Amino acid sequence: MLMQADNCTLLVVDVQEKLIASIVEAPRLVASMKWLVDAARMNGVPIVVSEQYPQGLGHTLPLLTDAAANHVVVGKTVFSCVAADCLKGTLLEVRQQVVICGIEAHVCVLQTALDLKAVGKEVFVVADAVGSRSQEDKAAALARVAAAGVQVITREMALFEWMRDSRAPQFRDASKQLLQVPPALKFSEVLACLPRVDRLGGMQLWREGKLEAVIENRPGQTGSLAVYHALYRDYGAITPKAARLGQWLYSEHAEDARTHPGKHPNIDRLFSLEVLGGGYGVRLLMQ
């Protein structure tokens with residue numbers, strides 16, 4: 001069962017302003033979803049965007065809706081898009097195949113996928129473009145939908161099956177814009193996906209019982225505080241693995257730091273941690 005661009009719809013589930021910051025490694029997930037939206041647009045696959053209680057949880061990230069040309073937005077309060085009966089009148093209703101990305105994997109994505117399967121759709125959940133507040137919930141969701149007969153795929157599977165042939169007119173652009181460049185966000189876009197740090201006064205970084213650095217919540221450091229706080233939330237400490245993700249989160253500033261050692265000490269710290277190993281314990285300072 002291969003995906004066919006002319007019989008397929010991409011469903012983006014609940015990637016909203018007040019939900020995304022709670023998701024594990026949210027910026028990297030958003031970058032993968034943006035990649036998938038771009039792939040769908042290049043191949044003429046229509047895009048439907050769902051929003052859970054938007055008057056309270058905000059709307060879908062503009063980064064995604066701006067990329068999704070001619071998309072349709074549907075609102076709901078029920079977790080499953082099918083149970084909410086919000087997909088009627090969209091191309092998803094008449095096309096047989098549905099590719100799903102979004103959040104949360106174990107709630108709205110799971111329930112929607114199982115309900116779509118139950119009404120006879122061919123359903124594909126994109127493993128590297130769905131997320132939850134914990135990795136355990138995401139893993140359980142993917143295992144459950146797979147056991148129910150939903151196809152668990154990656155975003156590249158979708159792209160190559162939508163194109164089907166290297167002679168397709170869109171192949172060159174897809175190769176240049178998607179396949180040769182890893183998913184990435186600008187630093188400002190990364191910050192929009194991270195937990196807010198308004199209530200934090202700063203963060204202390206401890207190593208081998210010694211205080212090595214303090215990142216304060218003040219102009220020039222607030223972005224770094226948000227990055228380090230997100231790494232601490234997801235990993236429990238600033239570990240070498242967290243440092244690798246942190247370099248990605250700093251985006252264009254990480255490139256500048258590589259070119260100009262000493263200019264960005266909070267990024268330099270992540271570079272050295274990845275090389276030397278060890279890690280930093282964290283103590284949060286409240287306002």
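Helices (H or I, at least four residues) and strands (E, at least two) are taken here as DSSP runs, numbered from the N terminus. The structure is a predicted model, in which local features need pLDDT of at least 70 and side-chain atom pairs count only at pLDDT 80 or more, whereas totals for chains, interfaces and linings use all residues. Residues are numbered from 1 along each chain as its sequence is written, and side-chain values use heavy atoms, with hydrogens and water left out.

Two strands are said to pair if DSSP finds at least two bridges between them. On this basis, an open sheet of 6 strands runs in the order E3-E2-E1-E4-E5-E6 with parallel pairing. Strand E3 (72-76) and E6 are its edges, and each has a single partner strand, so one side of each is left without a neighbour in the sheet. From one strand to the next, the twist averages 25°, where axes are lines fitted to C-alpha atoms (for helices over the stretch in contact) and angles run from 0 to 180 degrees between N-to-C directions. Within this sheet, E1 and E4 pair in the parallel sense over 6 bridges, and Cys8 has Gln97 in E4 as its bridge partner. Helix H6 (residues 135-147) packs on the sheet and touches E5 and E6, its direction making about 165° with that of E5.

Helix H7 (residues 155-163) lies across E1, E4, E5 and E6 and runs at about 100° to E6. Its buried residues (under 20% relative accessible area, with exposed being over 50% and partly exposed in between, for a 1.4 Å probe and protein chains only) are Arg155, Ala158, Leu159, Glu161, Trp162 and Met163. These buried residues pack against strand E1 (8-13), helix H1 (26-42), strand E4 (97-103), strand E5 (122-131), strand E6 (151-153) and helix H8 (171-179), contact meaning heavy atoms within 4.5 Å. Trp162 touches, among others, Met3, Cys8, Leu36, Asn43 and Val99, when residues up to four places away in sequence are not counted. H7 is followed by Arg164, which has a positive phi, near 70°.

A nonpolar core is a set of buried Ala, Val, Leu, Ile, Met, Phe, Trp, Tyr and Cys residues joined through side-chain atoms within 4.5 Å. The largest such core has 72 residues, of which Leu10, Val12, Ile20, Val99, Trp162, Leu205 and Ile238 touch the most other members. H1 contributes the largest share of this core, with 11 residues. Another core, of 25 residues, lies apart from it and includes Val13, Val48, Leu87 and Ala105.

A further open sheet consists of 3 strands in the order E8-E7-E9, with antiparallel pairing. Strand E8 (210-216) and strand E9 (281-286) are the edge strands, each pairing on one side only. Strand E7 (residues 200-207) is joined to E8 by 6 bridges, and Leu205 has Ala213 in E8 as its bridge partner. H10 packs on this sheet, touching E7, E8 and E9, with its direction at about 60° to that of E7.

On a 1 Å grid over the protein atoms alone, a cavity is a set of points where a 1.4 Å probe fits but cannot get out, and a pocket is an open set with protein on both sides within 12 Å along at least five of seven lines, lining residues having an atom within 4 Å of a point. Grid points are joined across faces, edges and corners, and a volume is the space filled by probe spheres set on the points. The largest pocket holds about 280 Å³ of space, and the closest to its centre of its 16 lining residues are Leu191, Ala192, Leu194, Pro195 and Arg196. H10 gives the most to this lining, with 3 residues.
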